[in-house]
Amino acid sequence: MARDITPSFNVVIHSPYRLRICALLQPVTELEFGVVKDLLGITDANLSKNLRVLSDAGYIQIRKETSPNRQDRRRLTWIKLTEEGQHAVAAHVAALEQILHTDPGIAE
């Protein structure tokens with residue numbers, strides 16, 4: 001990623017499942033829906049809901065395609081981070097790191 005990263009806490013990404021989805025997608029080109037679901041151990045409905053939020057924010061791209069290995073008409077769903085998503089994740093991680101390295105002597 002060529003842009004400088006400015007730490008920016010992101011409430012859309014910060015949700016535990018969405019953060020984990022982004023973490024899974026960040027190092028790869030794309031992942032299939034079933035793989036993400038299995039790795040997270042969540043239901044189809046829960047994953048779909050969280051993907052919709054990320055997609056609506058412009059952070060992921062979803063594509064569907066038929067599988068040449070399937071006899072039925074079901075399509076596979078592929079998920080990938082967009083460039084905007086990559087930047088948002090990097091900025092969120094930088095914000096979390098900034099929080100972790102904040103001087104603990106701050107008065108409450």
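This is a predicted model: local features need pLDDT of at least 70, side-chain atom pairs count only at pLDDT 80 or more; totals for chains, interfaces and linings use all residues.
## A starting point in the sheet

Residues are numbered from 1 along each chain as its sequence is written, and side-chain values use heavy atoms, with hydrogens and water left out.

β1 and β3 (residues 75-81) pair in the antiparallel sense over two bridges; two strands count as paired if DSSP finds at least two bridges between them. Three strands form an open antiparallel sheet in the order β1-β3-β2. β1 (31-32) and β2 (60-66) stand at the edges with a single partner strand each, so one side of each has no neighbour in the sheet.

## Helices against the sheet

Helix α2 packs on the sheet and touches β1, β2 and β3, where contact means heavy atoms within 4.5 Å. The direction of α2 makes about 90° with that of β3. Helix α4 (residues 44-56) lies across β2 and β3, running at about 120° to β2. Axes are lines fitted to C-alpha atoms, for helices over the stretch in contact, and angles run from 0 to 180 degrees between N-to-C directions.

## How α2 meets its neighbours

The axes of α2 (residues 16-25) and α3 (residues 33-40) come within 11 Å and cross at roughly 125°. That makes α2 oblique to α3; angles under 35 degrees count as roughly parallel, over 145 as roughly antiparallel, 65 to 115 as roughly perpendicular and the rest as oblique. Tyr17, Arg20, Ile21 and Leu24 of α2 make the contact with Val36, Leu39 and Leu40 of α3. These residues divide into six nonpolar, no polar and one charged (Ala, Val, Leu, Ile, Met, Phe, Trp, Tyr, Cys and Pro count as nonpolar, Asp, Glu, Lys and Arg as charged, and the others, Gly among them, as polar).

With α4, the axis of α2 comes within 10 Å and crosses at roughly 75°, and the two helices are therefore roughly perpendicular. Here Tyr17, Arg18, Ile21 and Cys22 in α2 meet Asn46, Leu47, Asn50, Leu51, Val53 and Leu54 in α4. This contact has seven nonpolar, two polar and one charged residues.

## The whole chain

Stepping back, the chain has five helices and three strands, counted as DSSP runs (H or I, at least four residues, for helices; E, at least two, for strands) and numbered from the N terminus. From the N terminus on, the elements run α-α-β-α-α-β-β-α.
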